[in-house]
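Dear colleague,

I am passing on a structure that you have not worked with before, and below it I have set out what was found in it. Please read the notes with the structure open beside them.

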Amino acid sequence: GLMLPSGNDAALALAEHIGALLLSSQCGANLRPSSRHGGSNKQPSATDSEKRFVRAMNSLANQIGLRNTIFTNPHGLSQRSNQSTAADVGKLASVALQDHVFSKVVNTSRHTCTVEAADGVAKSVEYVNTNKLLALGYEGVKTGVTPSAGPCLCSSMRKGRYQLVAVVLAARSMEQRFIEVPRLLFWAWTTLEAFGAFSAESHRPKRLSNFISRDC
């Protein structure tokens with residue numbers, strides 16, 4: 001319920017759970033009151049857990065070079081200080097796609113599972129991916145829409161040894177994002193082919209920056 005539709009509630013639940021684990025681990029020892037100094041060993045609050053998780057998000061963002069990204073919540077809903085760029089979203093997707101489980105999830109068109117409500121009643125739920133490009137052979141990654149960023153789409157396509165990621169933010173409409181991303185990827189593939197990126201003598205992938213001018 002997190003990556004197929006946009007499960008903001010699932011993002012918050014994960015943040016509260018993982019954040020609590022971080023607070024109770026050695027990694028979060030400096031944030032936890034110490035019983036040696038008269039502190040309490042009570043369980044961290046949901047708010048404290050969420051804040052700890054967001055700190056971990058920003059730490060990872062810094063590690064992978066997302067220089068223009070600041071996370072202020074785990075789900076991405078608009079806040080004035082919650083920001084990123086198309087380039088940073090592309091970098092994040094490139095890293096995430098290296099994880100087999102993540103790659104499999106974002107390539108899933110629909111998933112059915114059984115969930116149990118608080119009253120113990122079980123029911124079958126089907127989650128449908130909102131990314132229409134999956135049916136056309138694209139690989140993930142995520143749709144999104146917020147009042148400030150507008151309709152967004154991050155998607156990927158593989159060709160030979162190459163996998164390219166394209167990101168569109170603030171598309172003119174919900175449908176336009178599914179038009180603009182294929183256009184971007186078509187331009188990228190055409191540019192690579194024009195500069196011989198797929199030649200037989202290429203024994204290993206070359207950096208895209210080797211072929212595309214910084215002025216593009």
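In this model, which is predicted, the side chains of Glu180 and Arg183 meet in a salt bridge, with 3.1 Å from N to O. The two residues are three apart in helix α5, so about one helical turn separates Glu180 from Arg183.

By the rule used here, the count of salt bridges comes to five. One of them joins Arg110 and Glu126, whose closest N and O atoms are 3.1 Å apart. Because Arg110 lies in strand β1 (residues 110–116) and Glu126 in strand β2 (residues 122–128), this pair ties together parts that are 16 residues apart in sequence. Arg110 is partly exposed at a relative accessible area of 49%, and Glu126 is likewise partly exposed, at 44%.

Another salt bridge is formed by the side chains of Lys132 and Glu175, at 2.5 Å from N to O. This pair links distant parts of the chain, 43 residues apart, with Lys132 in the loop between β2 and β3 and Glu175 in the loop between β5 and α5 (177–194). Lys132 has a relative accessible area of 47% and is partly exposed, while Glu175, at 44% relative accessibility, also counts as partly exposed.

Arg158, which lies in strand β4, is partly exposed with a relative accessible area of 44%. Leaving aside residues up to four places away in sequence, Arg158 touches Glu139, Gln163 and Trp189. Its side chain makes a polar contact of 3.3 Å with the side chain of Glu139, and a polar contact of 3.1 Å joins the side chains of Arg158 and Gln163.

As for the protein as a whole, there are five helices and five strands, and along the sequence they follow the pattern α-α-α-α-β-β-β-β-β-α. Of its 216 residues, 31% count as buried, and in helix α3 (residues 86–96) the buried residues include Asp88, Gly90, Ala93 and Ala96. The cover over the buried residues of α3 includes α4 (100–106), together with the strands β3 (141–146), β4 (150–159) and β5 (162–168). The accessible surface of the protein comes to about 13800 Å², and 55% of this belongs to carbon and sulfur atoms.

With kind regards

Definitions and conventions:
Residues are numbered from 1 along each chain as its sequence is written. This is a predicted model: local features need pLDDT of at least 70, side-chain atom pairs count only at pLDDT 80 or more; totals for chains, interfaces and linings use all residues. Side-chain values use heavy atoms; hydrogens and water are left out. Helices (H or I, at least four residues) and strands (E, at least two) are DSSP runs, numbered from the N terminus. Buried means under 20% relative accessible area, exposed over 50%, partly exposed in between (1.4 Å probe, protein chains only). Accessible areas come from the Shrake-Rupley method with a 1.4 Å probe; for residues, only the protein chains shown count as cover. Contact means heavy atoms within 4.5 Å. A polar contact is a pair of N or O atoms within 3.5 Å; within protein, one must be able to donate a hydrogen and the other to accept it, and residues adjacent in sequence count only if both atoms are side-chain atoms. A salt bridge is a side-chain nitrogen of Lys or Arg within 4 Å of a carboxyl oxygen of Asp or Glu.
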